[in-house]
Amino acid sequence: MLAEALALDMAVPGQTLIVHLLVVPDFWAGMQGDDWLNNASTRDTFGSYVEGLLEKDVAQQLRALEGRCAERGIAYKSVMRQGDPAECLVETAAQEGASMVVIGPPRPKGTPGYRSRMDLEPLARKLTVPLIIANRP
């Protein structure tokens, strides 16, 4: 959310395209609950349930940012990838012809949600455009 807010603040209406990248980390592919599910049918049902939750959450995020962009006259495009977040970010920035990349800061301990970590040094080396990290207020 901090990255979105910063990108919106920096955007110039009528001139900026915000490309919103959502990455489903590759570790989700193995999320089957094998430790407590005992047959293939139950695992498939659970997998579909988890995918449905992810899709619902992603759709809400996309609609929300798309609406904020529309209110400000900023062009918007969403891109969804599955894999290593840093690699997906580098690839998408190159494919979309990004002029800069804006990401949020690490989530602090105790904050609800997944605390993903991205190694910034390799990310900064691989990107061919400036990397901006939003600060916490």
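Trainee: Is C88 buried or exposed in this model?
Mentor: C88 counts as buried, because its relative accessibility is 6% and the cut-off for burial is under 20%. Please keep in mind that this is a predicted model.

Trainee: And C69, buried or exposed?
Mentor: C69 is buried, with a relative accessible area of 0%.

Trainee: How many disulfides does the structure hold?
Mentor: The structure holds zero disulfides.

Trainee: Back to C88. Which side chain has a polar atom 2.8 Å from its backbone oxygen?
Mentor: That is the side chain of T92, which places a polar atom 2.8 Å from the backbone oxygen of C88.

Trainee: Where does T92 lie?
Mentor: T92 lies in helix α3, which covers residues 85-96.

Trainee: Why does T92 count as buried?
Mentor: Its relative accessible area is 4%, and because burial means under 20%, T92 qualifies.

Trainee: What does T92 touch, leaving out residues up to four places away in sequence?
Mentor: T92 touches V19, L21, V79 and R81 on that basis.

Trainee: Which residues of α3 are buried?
Mentor: The buried residues in α3 are A86, C88, L89, V90, T92 and A93.

Trainee: What do they pack against?
Mentor: The buried residues of α3 pack against β1 (17-25), β2 (75-83), β3 (101-103) and α4 (120-126).

Trainee: What follows α3?
Mentor: G97 follows α3, and the phi of G97 is positive, near 65°.

Trainee: Changing topic: which residues form the largest nonpolar core?
Mentor: The largest nonpolar core has nine residues, namely A86, L89, V90, A93, V101, I103, L123, L127 and V129. Helix α3 and strand β3 each supply at least two residues of this core, and the largest share, four residues, comes from α3.

Trainee: What does V101 touch, again without residues up to four places away in sequence?
Mentor: V101 touches L89, A93, L127, V129, P130, L131 and I132.

Trainee: Which residues belong to the other core?
Mentor: Another core, of eight residues, lies apart from the largest one. Among its members are A7, L65, I74 and Y76.

Conventions:
Residues are numbered from 1 along each chain as its sequence is written. This is a predicted model: local features need pLDDT of at least 70, side-chain atom pairs count only at pLDDT 80 or more; totals for chains, interfaces and linings use all residues. Side-chain values use heavy atoms; hydrogens and water are left out. Buried means under 20% relative accessible area, exposed over 50%, partly exposed in between (1.4 Å probe, protein chains only). A polar contact is a pair of N or O atoms within 3.5 Å; within protein, one must be able to donate a hydrogen and the other to accept it, and residues adjacent in sequence count only if both atoms are side-chain atoms. Contact means heavy atoms within 4.5 Å. A nonpolar core is a set of buried Ala, Val, Leu, Ile, Met, Phe, Trp, Tyr and Cys residues joined through side-chain atoms within 4.5 Å. A disulfide is a pair of cysteine sulfur atoms within 2.5 Å.
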